[in-house]
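Subject: Structure handover

Hello,

Here is the structure for you to take over. My notes follow below it.

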Amino acid sequence: NCAIFLPLSAAELPDVRRFLEGEGEVMRLVYFLIPYVLLGALLNYATFWCTAANSPLSTAVAGNAKGILSTLVGLVSFGGAHFTGL
């Protein structure tokens, strides 16, 4: 992964620096980055806690159930899908 990603990201570095030199862009980056990092850490903690309190199989089943529920909520909320019988 690094063999492909590092050269590609190095080619973009001047454009990123130019973008971040704009007024207020660094603070905007911080405002968006900190919540993402905190939510990611919270998600990891919750996953490890669930695995420690239950079996790994229970954690996997709960994750799959959450994925199915998220998909159904998305279908109902945003529409655009036609329900057909299998």
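The chain has three helices and zero strands. Both are DSSP runs, numbered from the N terminus: helices are H or I with at least four residues, strands are E with at least two. The radius of gyration is 20 Å, well over the 12 Å that the globule rule gives for 86 residues, so the chain is more spread out than a compact globule. That radius is taken over C-alpha atoms, and the rule is 2.2 Å times the number of residues to the power 0.38.

This is a predicted model: local features need pLDDT of at least 70, side-chain atom pairs count only at pLDDT 80 or more, and totals for chains, interfaces and linings use all residues. Residues are numbered from 1 along each chain as its sequence is written, and side-chain values use heavy atoms, with hydrogens and water left out.

Burial first. Buried residues make up 2% of the 86 residues. Buried means under 20% relative accessible area, exposed over 50%, partly exposed in between (1.4 Å probe, protein chains only).

- Threonine 59 sits in helix α3 (residues 56-78). It counts as buried because its relative accessibility is 15%. Threonine 59 touches Thr47, Cys50 and Thr51, leaving aside residues up to four places away in sequence; contact means heavy atoms within 4.5 Å.
- Tryptophan 49 belongs to helix α2. It is exposed, at 59% relative accessible area. Its C-alpha atom is separated by 38 Å from that of glutamate 12.
- Valine 30 lies in helix α2 (residues 25-53). It is partly exposed, at 31% relative accessibility.

Best regards
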